[in-house]
Amino acid sequence: MATAKGKSVAAPPKKAARKIRVLVGKPGLDGHDRGAKIIARALRDAGVEVIYTGLHQTPEMIVSAAAQEDVDGIGLSILSGAHNYLFPRILQLLREKKMGDVVLFGGGIIPDDDIPKLLKKGVDRVFTPGTPIQQIVDYVNERIRPRK
Amino acid sequence: MYDRKKLAGIAARRKKWHDEELAPGLRKSQPRLDRFSTVSDEEIDILYTPDPLSNFEYEEDLGYPGQYPYTRGVQPTMYRGRLWTMRQFAGFGSAEDTNARFKFLLSQGQTGLSTAFHFPTLMGYDSDSPRARGEVGMCGVAVDSLKDMEILFDGIPLDKVTTSMTINGPAAMIFAMYLAVAEKQGVPFHKVGGTIQNDILKEYIAQHSWIFPPEPSMRIITDILAYCADNVPRWNTISISGYHIREAGSTAVQELAFTIADGIAYVQAGIDAGIPVDKFAPRLSYFFNAHMDFFEEIAKYRAARRMWARIMRERFHAKDENSWKLRFHTQTAGCTLTAQQPMNNVVRVALQALSGVLGGTQSLHTNSMDETMALPTEQAVTVALRTQQIIAEESGVANTIDPLGGSFFVEQLTNVMEEKAMEYIRKIDEMGGMVAAIKQGYPQREVADAAFHFQRLVDAGKKRIVGLNAYRSEEGTPIPLLKIDDRVEKRQVARTKEVRRMRDAKKARACLSALKEGSLAPDVNLMPLLVDAAREYVTLGEMCDTLRETMGVYTDPAMF
């Protein structure tokens, strides 16, 4: 995760005009929201502006919420096995809406074999079960910047 | 039961031991942790002695197996008569795939079936709905119509094998299809045995596979209670489930409290619908989680039996002993499995399963080592089933009933579980019952808080998990995983379209309009209408869409 900006990780840069805005989304039909809610709380506690979509969202609903809320990043939680459809579909819709610069990351029950394929398609990062929350908070603070 | 004078002596000598032996000992060898607590963060004492049990009365508090208050077990013979039912939850891909897995499990000595449906079925959508894209057959078996159910249970005699089905929002529709399959096999309804989960309240709290808002959902449930009392007397109508509440991150006490509070809400709803309590209560059963803290879990099961017996007798004035008995299924805790060093999960599952058995469970599912990553392979599920068989046949724990009964620790922990759970239940009663509490977001918030608290403890290293924040190693996943064939979706969509083409369209339409009308008349029981619709190959999505129109839909309040 080391980058040129690695040293300013702990706090968002002062010159940022506003807080980072992140949409935490639950696409698909699975009802497992334990992880999504924990991440949403932890990011909020860390000063990120968090919009949580709630469960059972279609890709269209997620992208439309992301546009409306003008978010800088989207974190998806998927435990249904449908990640190989949902991630690429959401990326496609983001590009169609000229929001290709929104950082898309995610986590859930995602087999190791599928991760390189998702990264290749444009998912920025996939977190697997057992990741400490702080690691995700650090990633968001480091990787995501206000879009304008 | 104890001699009070002797207890006072024990208390005094315990204090002396504490001051003169323990305290100097702890000064010499520092405790490993600042605080010793269960996985639910319930503080645990270094030693348990009989003196706090001054009010303990053997026959009132424990009694005998098969007798009120059933603390030691619901049957007089327990595992000497018959072992618990070994029931592995299974479902993936198409009905053909899952039928083959069912037959494999039965051939390996499994004694009951348990069906996992894919998410579109759980949410009441057909596989060709846009909502189902990417999800068909992924997390369970795809069932859209009677056609799929016929294939799913092909060659499995429904008068001999009991089936449990994890289905909630559309429980009534899937149950109707199951009855229609039984009918086709020539099995009369009164000989059909099994379970539908049908516990919608815990869906709002934790599992989140809902369709309709709480009130119409409760109406469907009381329709099922009344219908089964008259027509399918061997059917377990609701499996009141703490499992998912716990998986969502609750403590053991919350699991116990919210689940029993859900049970109270169903019994009250049945009574309010005019069904005599003893006519439906004997067919209610429970479903608990077997989490990692061995003694806490055993105490939870024992407390649950005693609480339910007292609630049913004293609060609801049930007269039939079968209404007092809390029978339960157990599943080991999926959320405790780690993706890191997955073979270790076999050991976790064995300990959890043992707690379920020592807690007197009636049936058990043991998770497979690979379930943090995918649905289980045949090899992994076999190890999980063998774990139960080793406990049953080799360990000796099934020889005697409630072997931990009388342990100072287990009895005190059982009392703590009951007292703390009853506090929650009183609070929920004050809110106006569980439906009202759910609408206020109360249990949802409690569970989310507990989940967050636990995660913080893990991240701070205060709760240690082997392979995760202790004893880590860097190797990758060394075990093979099950892959779902991605052609399943295409084939399933084609089959459902074919079903719609082949059926008698006029009859199907008539069933749907009867269902719509019935849903608008509160005193009509919807079950016979759903069975009619199932027989005519009306699809699940069509039945649910019809009722969505008249009953409305529930959406996630999205609190975090």
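Tutor: Domain bounds here come from an automatic or database domain assignment. The model is predicted.

Student: How many Å separate the centres of domain 1 of chain B and domain 2 of chain B?

Tutor: Chain B is divided into domain 1, residues 4–53, and domain 2, residues 63–459. Taken over C-alpha atoms, the centres of these two domains of chain B are separated by 36 Å.

Student: How many residues of domain 2 of chain B are in contact with domain 1 of chain B?

Tutor: The side of domain 1 of chain B that touches domain 2 of chain B has five nonpolar, three polar and two charged residues. Domain 1 of chain B gives 10 residues to the contact, and the number from domain 2 of chain B is 11.

Student: Are α10(B) and α12(B) roughly parallel or roughly antiparallel to each other?

Tutor: Helix α10 of chain B covers residues 252–272 and helix α12 of chain B covers residues 294–315; their axes come within 10 Å and cross at roughly 25°. Angles under 35 degrees count as roughly parallel. The relation of α10(B) to α12(B) is therefore roughly parallel.

Student: How many charged residues does the contact of α10(B) with α12(B) have?

Tutor: The residues of α12(B) that meet α10(B) include Glu296(B), Glu297(B) and Lys300(B). On the α10(B) side, Leu256(B), Ile260(B) and Gly263(B) are among them. By class, this contact of α10(B) with α12(B) has nine nonpolar residues, one polar, and a charged count of three.

Student: Is the crossing of α6(B) and α21(B) left-handed or right-handed?

Tutor: The contact includes Met173(B) and Met177(B) of α6(B), and Leu530(B) and Val531(B) of α21(B). By class, the contact of α6(B) with α21(B) has 12 nonpolar, no polar and one charged residues. The crossing of α6(B) and α21(B) is right-handed.

Student: Which element gives the largest share of the side of chain A that touches chain B?

Tutor: The contact takes 30 residues from chain A and 33 residues from chain B. On the chain A side, the elements giving two or more residues are α1 (34–45), α3 (83–96) and α5 (133–143). The largest share, five residues, comes from α1(A).

Technical notes. Residues are numbered from 1 along each chain as its sequence is written. Chains are lettered from A and ligands numbered from 1 in the order in which they are written. This is a predicted model: local features need pLDDT of at least 70, side-chain atom pairs count only at pLDDT 80 or more; totals for chains, interfaces and linings use all residues. Two residues are in contact if their C-beta atoms, placed from the backbone, lie within 7 Å. Helices (H or I, at least four residues) and strands (E, at least two) are DSSP runs, numbered from the N terminus. A crossing is left-handed if the near helix is turned anticlockwise from the far one by less than a right angle, and right-handed if clockwise. Ala, Val, Leu, Ile, Met, Phe, Trp, Tyr, Cys and Pro count as nonpolar, Asp, Glu, Lys and Arg as charged, and the others, Gly among them, as polar. Axes are lines fitted to C-alpha atoms, for helices over the stretch in contact, and angles run from 0 to 180 degrees between N-to-C directions. Angles under 35 degrees count as roughly parallel, over 145 as roughly antiparallel, 65 to 115 as roughly perpendicular and the rest as oblique.
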